[in-house]
Amino acid sequence: FYKRFQMFFENLSDAGLVLFLGEGNFSFSASVLRRSQEQNMSNIYATCYEKEIELNVDEASLNMERMVINEKHRKKLHEETISKTEKSNPIKNENMAFLRSVGCHVLQGVDAEVLDQDARLANLSFSRIVFMFPHVGGKMKINRNRQLVQNVLKSARKLLDRNGQVVITLCKGQGGTPFEKVERVAADTWKIVETAHEAGYVLSQVHHFPHHLFQQYYQVGYRDLQKGFNVEDSVVHVMELSEPEEDLPIDNLDTKSENSDADDDTALPVSLYPPHYVHHLSFWISDELSESLLAQIINTSVGKYVLNWRTIDLYTSASGRQSQTIEIEYCDTRRALGHSRVLHLHNKVLGLSLVRCAHIQLRC
């Protein structure tokens with residue numbers, strides 16, 4: 001495992017541009033670079049969400065970065081100065097100083113959900129983007145944390161190399177993949193696979209985070225406090241962009257089917273746990289629709305995403321009209337299929353293809 005892990009957090013000087021997000025006290029990026037012992041790391045960008053605090057105080061006389069305010073000092077200092085001083089983080093300051101000493105770009109006030117709107121990053125292209133333990137803060141906010149990860153992935157997409165990777169580490173059980181040592185009910189997880197696919201990525205690798213290799217990494221944020229949390233059995237999720245091409249409804253069956261291309265495209269990453277989606281489609285049958293024609297339309301329009309399909313209901317109305325309901329299971333081992341993408345394929349591609357090629361009428 002250690003050798004596999006090296007490719008993400010060691011030998012970074014040859015890895016292209018690397019972006020660390022949400023660093024907080026910068027202890028992880030600093031810990032990674034201290035292990036590498038390299039001196040020119042100008043390809044590394046370490047960032048945190050918090051904005052830089054400027055202290056308008058005579059630092060020479062007060063030594064603001066390291067001073068502990070006692071009662072005597074309190075009487076002499078303005079209340080705002082005391083607040084800023086107590087918020088100053090010597091660990092963070094030390095790590096920032098180290099990172100800059102080895103050539104890293106240290107940026108504060110970086111919002112990982114809107115990276116492309118930050119002028120300092122907007123024109124850069126990264127081979128790897130790393131976010132350790134993203135969290136919105138507070139308890140019982142699973143939906144907000146899922147949205148945070150999805151927003152980060154969508155934002156990162158605009159700054160990522162064509163073959164780049166986003167590496168997100170979550171606490172045990174949070175990701176909700178079969179790789180977890182602790183299995184949770186899906187509703188109690190961040191659904192990292194579904195979240196990634198919705199953002200246009202596939203989960204290509206998972207590893208347990210070897211926290212013992214990074215003794216100087218001091219993660220904080222437990223219940224929104226400057227307090228550590230348990231990282232035992234945490235999981236590193238490696239995601240790669242793999243968006244499907246645009247699919248349009250077909251007008252006739254002369255349109256070339258691309259079923260054979262899906263499995264042969266070795267340039268695309270392989271999804272470890274491709275999600276499966278099952279949807280139903282009901283329609284009034286036309287005189288020209290046969291089972292073989294239905295199979296042809298499904299195969300030509302969306303066949304490369306379909307694992308199985310079957311008729312689950314036939315119905316005749318009082319007026320004699322016949323209705324058919326089919327069930328389709330969608331999945332792709334290489335292309336990212338999120339929930340919204342599958343709904344588009346099901347309703348706007350397959351549904352309209354049936355209307356145009358077989359002249360059926362869709363039922364609402």
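**Entry 1: overall make-up**

I began with the secondary structure and found eleven helices and eleven strands in the protein; I note here that the model is predicted. I then looked up burial, and of the 364 residues 48% count as buried. For the surface, I read that the protein exposes about 19000 Å², of which carbon and sulfur atoms supply 46%. Turning to contacts between residues at least 6 apart in sequence, I found that 79% of them join residues at least 24 apart.

**Entry 2: helices α10 and α11**

I looked next at helix α10, residues 291–302, and helix α11, residues 339–358, which pack at an angle of about 135 degrees with their axes 10 Å apart. The two helices are therefore oblique to each other, since an angle counts as roughly antiparallel only when it is over 145 degrees and as roughly perpendicular from 65 to 115. I recorded the crossing of α10 and α11 as right-handed. On the α10 side the contact is made by Leu 293, Leu 294, Ile 297, Ile 298, Ser 301 and Val 302, while α11 brings Leu 345, Val 349, Leu 350, Ser 353, Leu 354, Cys 357 and Ala 358.

**Entry 3: helices α2 and α6**

I then turned to α2, residues 27–36, and to helix α6, residues 90–101. These two pack at an angle of about 45 degrees, with their axes 9 Å apart, and that makes α2 oblique to α6. The crossing of α2 and α6 is left-handed. I listed Ser 27, Ser 29, Ala 30, Leu 33 and Arg 34 as the residues of α2 that make the contact, and Glu 94, Asn 95, Phe 98 and Leu 99 as those of α6. By class, the contact of α2 with α6 holds four nonpolar, three polar and two charged residues.

**Entry 4: two positive phi values**

I looked up Phe 26, which lies in the loop between β1 (18–21) and α2, and found its phi near 65 degrees, a positive value in a residue other than glycine. Phe 26 has a relative accessible area of 0% and is therefore buried, the cut-off being under 20%.

Lys 191 sits in the loop between β5 (160–170) and α8 (192–198), and its phi is near 50 degrees, again a positive value in a residue other than glycine. I noted that Lys 191 is partly exposed, because its relative accessible area is 31%.

**Entry 5: Phe 179**

In the loop between β5 and α8 I also looked at Phe 179, which is partly exposed with a relative accessible area of 28%. Leaving aside residues up to four places away in sequence, I found that Phe 179 touches Val 206, His 207, His 208, Val 235 and Tyr 273. Phe 179 and Tyr 273 are 94 residues apart in sequence, and their C-alpha atoms are 9.8 Å apart in space.

**Entry 6: Ile 312**

With a relative accessible area of 34%, Ile 312 is partly exposed. Not counting residues up to four places away in sequence, Ile 312 touches His 280, Thr 325, Ile 326 and Glu 327. I also noted that Ile 312 and Thr 325 are 13 residues apart along the chain and that 5.8 Å separates their C-alpha atoms.

Note on methods:
Residues are numbered from 1 along each chain as its sequence is written. This is a predicted model: local features need pLDDT of at least 70, side-chain atom pairs count only at pLDDT 80 or more; totals for chains, interfaces and linings use all residues. Side-chain values use heavy atoms; hydrogens and water are left out. Helices (H or I, at least four residues) and strands (E, at least two) are DSSP runs, numbered from the N terminus. Buried means under 20% relative accessible area, exposed over 50%, partly exposed in between (1.4 Å probe, protein chains only). Contact means heavy atoms within 4.5 Å. Accessible areas come from the Shrake-Rupley method with a 1.4 Å probe; for residues, only the protein chains shown count as cover. Axes are lines fitted to C-alpha atoms, for helices over the stretch in contact, and angles run from 0 to 180 degrees between N-to-C directions. Angles under 35 degrees count as roughly parallel, over 145 as roughly antiparallel, 65 to 115 as roughly perpendicular and the rest as oblique. A crossing is left-handed if the near helix is turned anticlockwise from the far one by less than a right angle, and right-handed if clockwise. Ala, Val, Leu, Ile, Met, Phe, Trp, Tyr, Cys and Pro count as nonpolar, Asp, Glu, Lys and Arg as charged, and the others, Gly among them, as polar.
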